[in-house]
Amino acid sequence: MVTELEKVIFRKACMRGINLERAYLRNADLIMANLDGANLKKADLTGANLYGASVQNTDFTGAIMPNGEKYRSETFNQSSKKVTTMTRKIISTENAPRPVGPYNQAIAASGTMLFLAGQIAIDMRLNDIVYTEDVSKQTEQVMANIEAILTEAGATWSDVVKTTVYLKDMNDFAAVNAVYAKYFDSATAPARACVEVSRLPKDVLVEIDCIAVI
């Protein structure tokens, strides 16, 4: 019997010891799932995302792996057999300027580092820049784009440890900061830098990149 689970979302699911022999798991989302001891004999995992999944003692005998090739124990990436856990510590000292917004002086973190490219106000539904004259609306779109990437990587805003905000006009700082602050608790917010630049891609008003640890 073949279990049809194409494109199923099992992100962060606990599936220890589950029997998925011959399961059809093409393009399944198994990010950070716990598959320890699972039976995946002859399963089809073509295109599946196993990022950060725990697969200790998982039986892949005869399975087709995400790269489309049949499982071979000697070539399987052993690093995927561990779920990376993040540790996070807020660094604060009286010997440096206090934060004046939703950020901290520094964050000490360990885990898998995730580097997000700078995001601008492109709405993927239109595949174009939106709100060309409204920096607040552009910031909302930027944050939505960042959130989409974090989600795809199995991360959340709480995993972000550093951001850089690029502004076309520093006079827009307060408006951008008001939107930005909605996404972070000031007590645990990431470290941040904010700079004014002469020009941004597609003449947008704001661009933000970030680093997360998951």
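Visitor: Over which ring does the charged end of Arg-192 sit?

Guide: A charge counts as sitting over a ring if NZ of Lys or CZ of Arg is within 6 Å of the ring centre and within 35 degrees of the ring normal. Here the charged end of Arg-192 sits over the ring of Tyr-180, 4.7 Å from its centre. Likewise, Lys-137 has its charged end over the ring of Tyr-131, 6.0 Å from the centre. Please note that this is a predicted model, in which local features need pLDDT of at least 70 and side-chain atom pairs count only at pLDDT 80 or more, while totals for chains, interfaces and linings use all residues. Residues are numbered from 1 along each chain as its sequence is written, and side-chain values use heavy atoms, with hydrogens and water left out.

Visitor: How is a pair of aromatic rings described?

Guide: Such a pair is described by the distance of the centres and the angle of the planes. Rings of Phe, Tyr and Trp (its six-membered ring) pair if their centres lie within 6.5 Å; planes under 30 degrees apart count as stacked, over 60 as edge-to-face and the rest as tilted. By this rule there are four aromatic pairs. One of them joins Phe-60 and Tyr-71, a tilted pair with 5.5 Å from centre to centre and 40 degrees between the planes.

Visitor: Are Phe-60 and Tyr-71 buried or exposed?

Guide: Buried means under 20% relative accessible area, exposed over 50%, and partly exposed in between (1.4 Å probe, protein chains only). Both Phe-60 and Tyr-71 are buried.

Visitor: Why is the pair of Tyr-180 and Phe-184 called tilted?

Guide: The ring centres of Tyr-180 and Phe-184 are 4.9 Å apart and their planes stand at 45 degrees, so the pair is tilted. Tyr-180 is buried, with a relative accessible area of 1%, and Phe-184 is buried at 9%. Ring pairs also link these two residues with Trp-157 and Tyr-183 into a cluster.

Visitor: What area is buried between domain 1 and domain 2?

Guide: The size of an interface is often given as the accessible area lost when the parts come together. The bounds, from an automatic or database domain assignment, are 1–73 for domain 1 and 88–213 for domain 2. Between them about 440 Å² is buried (accessible area lost, 1.4 Å probe, summed over both parts), and carbon and sulfur atoms give 38% of this area. Arg-11, Lys-12 and Tyr-51 supply 74% of the area that domain 1 buries against domain 2.

Visitor: How many salt bridges cross this interface?

Guide: A salt bridge is a side-chain nitrogen of Lys or Arg within 4 Å of a carboxyl oxygen of Asp or Glu. The rule finds one across the interface of domain 1 and domain 2. The side chains of Arg-11 and Glu-152 meet in a salt bridge, at 4.0 Å from N to O.

Technical notes: Buried area = accessible area lost by both parts, 1.4 Å probe.
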